[in-house]
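Visitor: Please pick one part of this model and show it to me closely. Keep it brisk.

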Protein chains: 2
Amino acid sequence: MRIGGFAEQILVHQNSLAKISRDIPLDRAALICCGVTTGLGAVFNTARVHPGADVAVFGCGAIGLNVIQGARLAGANRIFAVDVNPGKLEMAARFGASDVVKGEKADPVRAIMEATAGRGVDFSFEAIGMAKTAEQCFMCLSKGGTATLIGLMAADEKVALSGLHFLAERKVQGCDMGSNRFRVDMPRYVQFYLDGRLNLDDMISQRIALDGINEGFQAMKAGKTVRSVVTFDI
Amino acid sequence: MRIGGFAEQILVHQNSLAKISRDIPLDRAALICCGVTTGLGAVFNTARVHPGADVAVFGCGAIGLNVIQGARLAGANRIFAVDVNPGKLEMAARFGASDVVKGEKADPVRAIMEATAGRGVDFSFEAIGMAKTAEQCFMCLSKGGTATLIGLMAADEKVALSGLHFLAERKVQGCDMGSNRFRVDMPRYVQFYLDGRLNLDDMISQRIALDGINEGFQAMKAGKTVRSVVTFDI
């Protein structure tokens, strides 16, 4: 974290290194940085989703998809995926979502409450960085449920939460890079991939050269890609 | 809970009974309902305050005072008490607050941040039921800190929380009667009193007869009393 760059050589403190298996191809290993690590860590470390829990995920970009597959790995029951982009909802289903909710059309909170017989979900995750979806995360919680806010919000953005809704022991918590201990968790996530438990292959929308990086950013901003991986020979 | 009344006899389910020591006088035992149980439970069960933690308590009524003495029992380091009523701050100091902050005069968040060298507190508690103080609870948290909202808010009241402030893994959680298991926790709190660890004596501002109950409510609303205990012969 905070040491990413395009240098061919770099001097870093030993604590900034995590030793991983040589068996994983580097274009796949490269994904286990922000997106995968944050998404899985939010589920395993920050929220500690347990088997049988119902989960809702707002935003199905790279982080949201990994929250979804993290919830699947944790043995969650229903996994609701919310997004406005139909392409992203398709990906969400491929990564383990049991229910997809088109966020623009219907009120996602209402859809989730109806689908759970008025109970709500045990865990919700915000993976966009918008106050509105953070508020929806809170409102679709069951009693005692926990909302985890992963998305980075603007400095002046305020999340308006009903005071009374907190009473039944609902929680809202922030999440910094999935609360990971990188040297412990990154090798573990690599192993998940090698064991066929983690889908990284479908996260790579395209492989590009460094020359194509601006087009890569454009495709990301247009919501057309999950990840564009820049490949080069060392 | 939800079975309080002035009946001389009552039929209740056995699960609604907690057996306590005969050694505690009943006027003291009567306090171990909402105020004491909620305040201590919020510290021990909901927030799980640990030794050495810095704590801030907003509102020093019956619940706030018991959050303060709960934090003292849990081995907290500094305990900041915030209230607008000087009489309540005096009580707060008697119940274990190390620092008192007059909430009206100074900005309590600023006072707490300055007193902790900009770090903030590990745990904060809202024991009034106001959005404004709930927001202050959140803003005076250190990285990774937890705000526990105990006070009952109006149905339409919204707590406006900075999205970015969540990032460093800060948490906000509701608290329902101190997350207590009453049959386990009430006898334990009675024992704390009998062992001289819990101050109940100073919570009783006056003992009144049932005839004086309206004056008792008036004194409570005027902020003159912690608790008026209605005594009568059985």
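Guide: Start with the second largest pocket, which holds about 2400 Å³ of space. A pocket is an open set of points on a 1 Å grid over the protein atoms alone, where a 1.4 Å probe fits and protein lies on both sides within 12 Å along at least five of seven lines. Its volume is the space filled by probe spheres set on the points, which are joined across faces, edges and corners.

The model is predicted: local features need pLDDT of at least 70, side-chain atom pairs count only at pLDDT 80 or more, and totals for chains, interfaces and linings use all residues. Residues are numbered from 1 along each chain as its sequence is written, chains are lettered from A and ligands numbered from 1 in the order in which they are written, and side-chain values use heavy atoms, without hydrogens and water.

Now the lining. It has 45 residues, and B:Gly4, B:Gly5, B:Ala29, B:Ala30 and B:Cys33 lie nearest the pocket's centre. A lining residue has an atom within 4 Å of a grid point. In chain B, helix H1 (26-29), helix H7 (182-194), helix H8 (213-221) and strand S9 (227-230) each give two or more residues. Helices (H or I, at least four residues) and strands (E, at least two) are DSSP runs, numbered from the N terminus. By type, the lining has 30 nonpolar, 9 polar and 6 charged residues. Here Ala, Val, Leu, Ile, Met, Phe, Trp, Tyr, Cys and Pro are nonpolar, Asp, Glu, Lys and Arg are charged, and the others, Gly among them, are polar.

B:Arg28 forms a salt bridge with B:Asp201, with the closest N and O atoms 3.2 Å apart. B:Arg28 sits in helix H1 of chain B and B:Asp201 in the loop between H7 and strand S8 (204-208), so the pair ties together parts 173 residues apart in sequence. A salt bridge needs a side-chain nitrogen of Lys or Arg within 4 Å of a carboxyl oxygen of Asp or Glu. B:Arg28 is buried at 15% relative accessibility. B:Asp201 is partly exposed at 43%. Buried means under 20% relative accessible area, exposed over 50%, partly exposed in between (1.4 Å probe, protein chains only).

A:Asp27, A:Arg28, A:Asp201 and A:Arg207 are linked in a network of salt bridges. Over all chains, the structure has 20 salt bridges.
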